[in-house]
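Dear colleague,

I am passing on the structure we spoke about, with the sequence alongside. Please open it first, and then read the notes below with it in view.

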Amino acid sequence: MSDVVLGIDIGTTATKVVAFDAEGREHASAAAGYPLDEPHPGYAVQDPEAIRRAVAGAVAEVAGAAGDGTAVKGLCFSAAMHTLLAVDESGRPLTPSITWGDTRAAAQAERLRAAPGGLELHRRTGTPLHPMSPLAKLVWFREEDPEVFDAAHRWAGIKEYVVAGLTGEWVVDHSIASATGLLELATLDWDREALELAGVERDRLSRLVPSTHVLTRLTAEAARELGVPPDCPIVVGASDGALASLVVGAVHPGVGACSIGTSGALRVMVEDPAVDPQGRVFCYALTPGRWTVGGAINNGGVVLEWAHDALAPDAEDRAAVLELAAAAPPGSAGLLMLPYLLGERAPHWSPLPRGAYVGLTRAHRREHLVRAAIEGVCLQLALVLESMRAAGVEVREMRATGGFARSGLWRQLLSDVLGMDVGYPQAPEASSFGAALLGMEALGIVASFDVAADLVHIAQVHRPERDAAAVYAELLPVFGDLYDALLPAFRALGRVGGRG
């Protein structure tokens, strides 16, 4: 008989549920998708009930498929950060689930960021003052939709809504709460000033609990729907960002985790909360004595998609686009691209910037433009790494995962630009693995999620090529200065043409 824990990852486009045992073996998995709606410019919302049904269906499928030789010992959740919805007194949604990609609160975020005390608020709560932040979204509702704001009995994230539907309890783990902009990191309690800015009282928010908090009873209806016993333990879990480090075994200080999918991120686990003096990184909680410091970027694989569509539509696929990029030299013959096609998060945390080529000459060809675009993604991650080190965080080793890792060119490019070895693990590319490990720790199945370091095998390591790394080291400060140099132009273009 194998004991398994179901890791449930509530993502932006789908929920994935995987049954793992204590050796990291996968026994069964299922996924269920749901749409992301954009009813107005800047909006990015979802139906919370559709997500709840997707979670229930995927859990039931995995619980049924795990087989007679397995025993489901519990469920543990991972979820996307920065979601927000309002519910009435009976727990029914008054709003859709507003995702991290929703930018309607751009003006509110910029105002909070520029206000006296804005930097200190970021450093105190660990959450950048950006439209993704639930704090900025709450200010938007208070100012732009006061009817809903006043009617809301409670404000919550999507994981809270799903867990409440299963157990009847409204709780929020410290990990998700630390990404709201409302939690004081030093005390792990709601921040008084942030609550005042948002205009909400603590009784309109969920009860704070550790990420390892165990709820011991499902409702009878939920137990039937999930296909598990009513006393099946529910571990509240954490955010997908904090759990991503477990997926690659980056659980010890100094070991960084990088991911590049449609977007991208760099993060490292630390023992004490830290934000750099300029407020360029985030800091989110995981468990007592474990925090995640880093930065996320909006523009990862989406830049390659754009290059395919706009620069090389005749290329058969994206692999062919990357082959085109390989024909240009490191540094693209002095051409830089700021890859801000979707605004940007770290390290500037602003919806204002736009993409730009700088240094274009008559000698450049499309292979230079394509390579400069891909280099821009890696250079942006290098700025995040600089910011992490400015926060006093040591990063001596990097592990990476994501769709980009299928490309040998992109793997080597990342190592060259970061100027360090980058390892590529044989690991599940899903926060469901991290959630399952956290659940096993909470339930006493493993002593600590540190076992991830032993369960994850590094299959390949890319080391910097000396000459290419020297080129990128010279270009990085130039690339970094371009944001501030072009900021007035970004502001003017936003006034003239909007985001469309």
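In this model, which is a predicted one, L304, E305, A307 and H308 of helix α11 meet R318, V321 and L322 of helix α12. By class, this contact is made up of four nonpolar, one polar and two charged residues. The axes of α11 (residues 301-311) and α12 (residues 318-326) come within 10 Å and cross at roughly 85°, and since angles from 65 to 115 degrees count as roughly perpendicular, the two helices are therefore roughly perpendicular to each other.

You will also find an open sheet of seven strands with mixed pairing, in the order β17-β18-β16-β15-β21-β22-β23. Its edge strands are β17 (282-287) and β23 (457-462), each of which pairs on one side only, and neighbouring strands are turned by 30° against each other on average, direction ignored. Within this order, β15 (residues 254-260) and β16 (residues 264-270) run antiparallel and are joined by five bridges, with A257 standing opposite R267 in β16. Helix α13 (residues 366-390) packs on the sheet, where it touches β15, β16, β18 (290-297) and β21 (395-401), and its direction makes about 145° with that of β18.

Finally, please look at S239, which is found in strand β14 (residues 234-239). S239 counts as buried because its relative accessibility is 0%, and its side chain reaches the backbone nitrogen of A242 at 3.2 Å. Leaving aside residues up to four places away in sequence, S239 touches S78, A79, M81, D173, S175 and I176.

Note on methods. Residues numbered from 1 in each chain as written. Predicted model: local features only at pLDDT ≥ 70, side-chain atom pairs only at ≥ 80, totals over all residues. Heavy atoms only, no water. Axes fitted to C-alpha atoms, helices over the stretch in contact; angles between N-to-C directions. Helix = DSSP H or I, 4+ residues; strand = E, 2+ residues; numbered from the N terminus. Parallel < 35°, antiparallel > 145°, perpendicular 65-115°, else oblique. Contact = heavy atoms within 4.5 Å. Nonpolar A, V, L, I, M, F, W, Y, C, P; charged D, E, K, R; others polar. Buried < 20%, exposed > 50% of the residue type's maximum accessible area, 1.4 Å probe, protein only. Polar contact = N/O pair within 3.5 Å; in protein donor to acceptor, adjacent residues only side chain to side chain. Pairing = 2+ DSSP bridges.
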